[in-house]
Amino acid sequence: MFSGRRVVLGVTGGIAAYKAVEVCRRLVDAGAHVSPIMTSGASRFIGATTLSALASEPVQTSLWDEDSPIPHTRLGQAADVIVVCPATARLLSDYAAGRSSDLLTATLLATRAPVVVCPAMHTEMWEHPAVQENLATLRRRGVHVVDPESGRLAGGDIGHGRLADPATIVAAVGAALTLPDLAGLRVVVTAGGTREAIDPVRFIGNRSSGKQGTAIAVAAARRGAQVTLITTVAATAPSGIDVVPVATAAEMRAAVHQVAPQADIVVMAAAVADFRPVAVADQKLKKAQGIPEIRLEPTEDILAELGAAKPQGQTLVGFAAETTDVAANAQDKLVRKGADLLVANDVSAPATGFEHDTNQVAIYSAAGEVDSVPLSGKDAVADRVLDSVVSFRLLSAGSLNPQFPTS
Ligand code: CTP
């Protein structure tokens with residue numbers, strides 16, 4: 001989502017300016033090119049050196065920088081998104097009035113990129129009609145507002161007006177950057193590893209953390225889809241998504257078959273057990289009883305069932321965690337299970353697959369490899385998977401020239 005995107009980070013003079021440093025770090029970590037601008041007020045709260053050290057280029061503070069005679073138009077035109085964090089009452093007033101009194105306000109007027117403002121101020125100021133009217137004006141013009149939260153404010157006061165959490169701000173910047181290319185589509189995603197009970201205490205499981213599937217569900221929702229996440233790791237489930245918690249392969253199968261027929265896109269990212277114990281012991285197996293013999297039976301292959309009964313227009317995506325012959329195994333699985341796309345990763349490679357926050361995948365269609373995603377955060381991989389889905393659907397509908405892959 002952020003990879004290669006240019007973000008102008010405007011910092012104004014409020015006590016919350018120190019949190020802009022964390023927002024900057026997170027954006028850079030996510031792959032964004034961050035150009036910071038500080039107002040003179042911001043310089044009273046944090047040092048420019050701090051932000052310069054973490055951002056992608058040095059902080060700019062003035063319209064009258066000798067090297068760049070028109071920094072506001074350069075920054076404003078190049079930006080993919082501008083975020084003002086924190087945004088003081090004064091900044092909101094200047095921006096709403098169209099004043100360009102410094103580099104930040106001039107840049108805000110000189111851009112056509114989406115703008116996100118993150119107000120932070122004392123409760124009395126936040127509630128003042130003038131501030132609320134300025135915000136209403138900005139909202140009407142399409143500016144994204146990340147509302148402040150309640151909590152401790154400067155001077156020890158408690159109330160509404162505290163800057164939103166850095167993670168919330170980064171998510172809002174990501175949302176402002178994203179085209180709603182999945183709007184109106186129903187997406188079903190499975191995540192996590194299933195657990196097949198042996199007795200009331202033990203199960204046969206696998207090392208899947210559910211992070212990649214959850215990231216795909218989150219990205220699909222951000223891109224406008226109505227998302228159902230069928231997951232064995234509901235604790236990590238985000239809001240705004242219909243979450244169906246399951247544990248076993250049989251439960252996952254039942255939940256998937258309930259919603260898949262109506263779905264436009266199904267992504268089987270879960271690591272579903274291939275075998276389960278034929279019988280589950282009622283009581284805990286005791287060591288004194290000797291080494292147990294656990295007979296296994298195969299589970300149903302959910303992806304293959306979906307592939308065999310795929311409704312017209314549905315895009316079916318499978319995953320393959322492999323340790324050898326990744327490309328050949330992936331292609332074979334794609335055909336065998338009737339998937340449209342297959343996301344393969346070599347789980348034996350460093351920092352890839354299970355439990356990691358990063359992943360490295362190759363995405364295949366029946367025509368061959370359509371995208372190869374280098375080691376990236378699972379959020380970035382999620383967007384690349386969905387990019388391939390969107391391209392595949394356009395290609396299938398005949399509205400894309402056949403030079404797929406498109407990236
Ligand atoms: N899958 C499924 N139901 C199963 C097993 C797997 O729907 N009972 C799906 C997974 O969600 C994944 C894909 O099939 O999208 C591939 O899973 P994988 O375990 O790699 O495939 P297997 O068929 O188990 O192949 P193998 O064990 O031979 O590698």
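Buried means under 20% relative accessible area, exposed means over 50%, and partly exposed lies in between, with a 1.4 Å probe and protein chains only. The legends below describe a predicted model, in which local features need pLDDT of at least 70, side-chain atom pairs count only at pLDDT 80 or more, and totals for chains, interfaces and linings use all residues. Residues are numbered from 1 along each chain as its sequence is written, and side-chain values use heavy atoms, with hydrogens and water left out.

**View 1. The two domains of the protein chain.** Domain 1 covers 6-177 and domain 2 covers 186-396; such bounds come from an automatic or database domain assignment. The centres of domain 1 and domain 2, taken over C-alpha atoms, are 39 Å apart.

View 2. Gly224 belongs to the loop between helix 9 (211-222) and strand 11 (226-231). Helices (H or I, at least four residues) and strands (E, at least two) are DSSP runs, numbered from the N terminus. Is Gly224 buried, exposed or partly exposed? Gly224 is partly exposed, because its relative accessible area is 31%. Just after helix 9, Gly224 adopts a positive phi of about 100 degrees. Gly224 touches Leu182, Ala183 and Gly184, leaving aside residues up to four places away in sequence; contact means heavy atoms within 4.5 Å. Between the C-alpha atoms of Gly224 and Ala175 there are 9.7 Å, although these residues are 49 residues apart along the chain. Ala175 is part of helix 8 and is partly exposed, with a relative accessible area of 38%.

View 3. Strand 1 and strand 3 run parallel and are joined by 4 bridges. Val7 faces Val81 in strand 3.

**View 4. The largest nonpolar core.** A nonpolar core is a set of buried Ala, Val, Leu, Ile, Met, Phe, Trp, Tyr and Cys residues joined through side-chain atoms within 4.5 Å. Among the 33 residues of the largest one, Leu9, Val11, Leu27, Leu51, Val83, Cys85 and Ile169 touch the most other members. Elements that contribute two or more residues to this core include strand 1 (6-11), helix 1 (17-29), strand 3 (81-87) and helix 8 (166-177). Which helix gives the most to this core? Helix 1 does, with 6 residues. Cys85 touches Leu9, Gly10, Val11, Ala20, Val23, Cys118, Leu163 and Ile169, not counting residues up to four places away in sequence. Another core, of 32 residues, lies apart from it and includes Val227, Leu341, Val343 and Leu386.

View 5. Strand 8 and strand 11 pair in the parallel sense over 6 bridges, and Arg186 stands opposite Gln226 in strand 11. Strand 17 runs antiparallel to strand 18, to which 4 bridges join it; the bridge partner of Asn345 in strand 18 is Val361. Strand 17 (residues 341-346) is largely enclosed by the rest of the structure, because 5 of its 6 residues are buried.

View 6. Helix 9 has 12 residues and reaches 16 Å from its first C-alpha to its last, close to the 16 Å expected at 1.5 Å a residue; the expected span is 1.5 Å times one less than the number of residues. The buried residues of helix 9 include Gln212, Thr214, Ile216 and Ala220. Among the elements that cover the buried residues of helix 9 are strand 13 (265-268), strand 16 (315-322) and helix 13 (378-396).

How values were computed: Two strands pair if DSSP finds at least two bridges between them.
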